[in-house]
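Me: I would like to learn how to read a few features of a protein model, one at a time. Could we start with a single side chain and work outwards?

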Amino acid sequence: MFKTTLSLALLFGASTAAFAQENLAPQYNVQEPAVSDPSIKPTAPTTPIITDDEHLYETFGGREGLTALMDDAMARWLQNPKTRPFFENADQARIKALLVEQFCVIMHGPCTYSGRTMAEAHRGMNVKEGNFYGLVEELQVAMNKRHIPFRAQNRLIAALAPMHRDIIDK
Ligand code: HEM
């Protein structure tokens, strides 16, 4: 419970200062995906690189570990009423593959992200805060099931947190 509360608080910036102090703030990746529509203006990086933990990718089990994590997370998103409507008719295999690429790049792993920016990919989807929380909660359950250490989980969550501005429709 404590872990979930802490991570979700981080998502909305409650502890940004604490994280900056700990030097956990992710770096901007110079190779952000291009935006095809100039009216879309991303406010957060899609692939912010975490440079202060060179073992994060290995901690998550490399590409194999990330693939298994995404398989589990997607199965949970399809069960959870807060996320199911978005994913049930989507190309789940494609989304999982792009999430593996994205997380791999964020963790400074040997990958290239071939998807769109978060702003472009989620535009017009009408994702609300509750949907976002639902997705992150299930991701946390999946990470716990794979025994990813809490500190490593938090590094990933902290890197994803600023993306909510580009994903949620207020
Ligand atoms: C930090 C949170 C999130 C991350 C990192 C993320 C990441 C991604 C990525 C990498 C893609 C593929 C991009 C592309 O198609 O080029 C994607 C697509 C998608 N995401 Fe998210 N996402 C997040 C939150 C959400 C939420 C909260 C929902 C809905 C509950 C959602 C629903 C979808 C759907 C339905 C697609 C497919 C879009 C399409 O095929 O046109 N995502 N997301």
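Reply: Take glutamine 102, which is found in helix H6. The model is a predicted one.

Me: Is glutamine 102 buried or exposed?

Reply: The general idea is to compare the relative accessible area with a cut-off, and buried means under 20%. Glutamine 102 has a relative accessible area of 3%, so it counts as buried.

Me: Now the ligand. Which residues come nearest to the ligand?

Reply: There are 21 residues around the ligand, and those that come nearest are Phe86, Phe87, Arg94, Arg116 and His122. By class, the shell around the ligand has 14 nonpolar, 5 polar and 2 charged residues.

Me: Which ligand atoms are 2.9 Å from arginine 94, 2.8 Å from arginine 116 and 2.9 Å from histidine 122?

Reply: For arginine 94, an oxygen atom of the ligand is 2.9 Å from an N or O atom in the side chain. For arginine 116, an oxygen atom of the ligand is 2.8 Å from a side-chain N or O atom. With histidine 122 the ligand atom is a nitrogen, 2.9 Å from a polar side-chain atom.

Me: Which helices supply at least two residues of the shell around the ligand?

Reply: They are helix H5 (84–87), helix H6 (92–106), helix H7 (118–121) and helix H8 (129–145). H6 gives the most, with 5 residues.

Me: How should I think about a pocket?

Reply: Rolling a probe the size of a water molecule over the atoms shows where empty space is left. In this protein, the space taken by the ligand is the largest pocket.

Me: How much space lies in the largest pocket, and which residues are closest to its centre?

Reply: The largest pocket holds about 620 Å³ of space. Its lining has 29 residues, and Phe87, Ile95, Leu99, Met118 and His122 are the closest to the centre. H5, H6, H7 and H8 are the elements that give two or more residues to this lining. H6 gives the most to the lining, with 6 residues. The lining divides into 20 nonpolar, 5 polar and 4 charged residues.

Me: What can a backbone angle tell me?

Reply: Most residues other than glycine have a negative phi, and most peptide bonds are trans. Against that background, histidine 108 has a positive phi of about 65° although it is not a glycine. Histidine 147 has a positive phi too, of about 60°, and is not a glycine either.

Me: Where is histidine 108, and where is histidine 147?

Reply: Histidine 108 has its place in the loop between H6 and H7, and histidine 147 is found in the loop between H8 and helix H9 (150–160). The cut-off for an exposed residue is over 50%. At a relative accessible area of 51%, histidine 108 is therefore exposed. Histidine 147 is exposed as well, with 69%.

Me: Why is H9 said to be largely enclosed by the rest of the structure?

Reply: The reading comes from a count: H9 is largely enclosed because 9 of its 11 residues are buried. Among them are Ala152, Asn154, Arg155, Ile157 and Leu160.

Me: How far apart are the C-alpha atoms of residues that are separated along the chain, such as glutamate 129 and lysine 170?

Reply: Glutamate 129 and lysine 170 are 41 residues apart along the chain, and their C-alpha atoms are separated by 7.9 Å. Glutamate 129 lies in helix H8 and counts as partly exposed at 38% relative accessibility. In another pair, aspartate 72 and arginine 146 are 74 residues apart along the chain, with 9.6 Å between their C-alpha atoms. Aspartate 72 lies in helix H4 (residues 62–79) and is partly exposed at 22% relative accessibility.

Me: How many helices and strands are there in the protein?

Reply: There are 10 helices and 0 strands. Of the 170 residues in the protein, 46% are buried.

Definitions and conventions
Residues numbered from 1 in each chain as written. Predicted model: local features only at pLDDT ≥ 70, side-chain atom pairs only at ≥ 80, totals over all residues. Heavy atoms only, no water. Near = heavy atom within 4 Å. Polar contact = N/O pair within 3.5 Å; in protein donor to acceptor, adjacent residues only side chain to side chain. 1 Å grid on protein atoms, 1.4 Å probe; cavity = no way out; pocket = protein on both sides within 12 Å on 5 of 7 lines; lining within 4 Å. Sits in = over half its atoms within 2 Å of the grid points. Helix = DSSP H or I, 4+ residues; strand = E, 2+ residues; numbered from the N terminus. Nonpolar A, V, L, I, M, F, W, Y, C, P; charged D, E, K, R; others polar. Points joined across faces, edges and corners; volume = space filled by probe spheres on them. Buried < 20%, exposed > 50% of the residue type's maximum accessible area, 1.4 Å probe, protein only.
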